[in-house]
Amino acid sequence: MRRIIVMLLLGTLSLSCIGCSAGTSEAKQEAEEQYLGESIDNHVVFPASVEGFVGDTMPFYDDGTYNIFYLADQRNGKQGYHPWAMMQTKDFVNYDDKGVVINYGETIKDQDIALGTGSVIKDKNGKYHAFYTGHNDAYEPKEAVMHAISDDLENWEKVPEDTFYANENYAKNDFRDPYVLYMENEDCYWMLVTTRSNNTGVIAKYTSKDLKTWKDDGYSLKTIWIQIQIWSAQHFLSIRINGIFHSLISGQTELFTTDLQMI
């Protein structure tokens, strides 16, 4: 019996030694492995927001600085959400996060109790204009295009009298993501708005001479796949190929194609 016990103990010790040896080998192998980026010191590839999560970046380049506006997803339990925040960089290595620059409305009665995506442009006199989505689920229509102005990109004044809604040609609750650009050959501003017409996703085109009053010029892009219910956050490239401009957009489905019309 004693001999059997001794043999069992020796077997157990042998297995333990094998296990320790295997563990040591694996640890040594892991220590020798190197991963991409481990040798790079003090680098920031994706800067973190001081406000929380980052949504829908809206870049605006001005005088050597990239101003990256974004929807600040604070998730702080308040009724309002998605204010505009901004971070700045000159080299995409060093960032200065300014925090919230355009806040949501103060009460549930405000059209912009939630902010949505938009764009920033500089006028001929050097003043900055932000056009953004004002969203309020308590209202009908829920969405509107809203306007704010600034002299320094950090301090903004809202211009509520410039707010406008979808007309009878478009879906009143899906009317958002205004993108504004100046068309030099026409000496006017274009505003592209993502919306729906006859239950199909379209991008509506509005024009203005003063960035205050806007005329509906119909839609500039429509889908030919019914799955696209609404476009989202387009970025317009002023590149004309065979009389057609090109736009970077996203649709709320994986299967789609588009009918790009001359605009």
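Trainee: Where is Pro 141 found?

Mentor: Pro 141 is in the loop between β6 and β7; strands here are DSSP runs (E, at least two residues), numbered from the N terminus. A cis peptide bond, with omega about 10°, joins Glu 140 and Pro 141. Keep in mind that this is a predicted model, where local features need pLDDT of at least 70, side-chain atom pairs count only at pLDDT 80 or more, and totals for chains, interfaces and linings use all residues. Residues are numbered from 1 along each chain as its sequence is written, and side-chain values use heavy atoms, leaving out hydrogens and water.

Trainee: Okay, why does Leu 153 count as buried?

Mentor: Buried means under 20% relative accessible area, exposed over 50%, and partly exposed in between (1.4 Å probe, protein chains only). Leu 153 has 4% relative accessibility, so it counts as buried. Leu 153 sits in the loop between β7 and β8 (156-158), and has a positive phi of about 75° although it isn't a glycine.

Trainee: And why does Phe 92 count as partly exposed?

Mentor: Phe 92 comes in at 42% relative accessibility, so it's partly exposed. You'll find Phe 92 in the loop between β3 and β4. Phe 92 isn't a glycine either, yet has a positive phi of about 60°.

Trainee: What makes a nonpolar core?

Mentor: It's a set of buried Ala, Val, Leu, Ile, Met, Phe, Trp, Tyr and Cys residues joined through side-chain atoms within 4.5 Å. The largest one has 18 residues, and Leu 153 and Phe 69 are among those with the most contacts inside it. The largest share of this core, three residues, comes from β6.

Conventions. Helices (H or I, at least four residues) and strands (E, at least two) are DSSP runs, numbered from the N terminus.
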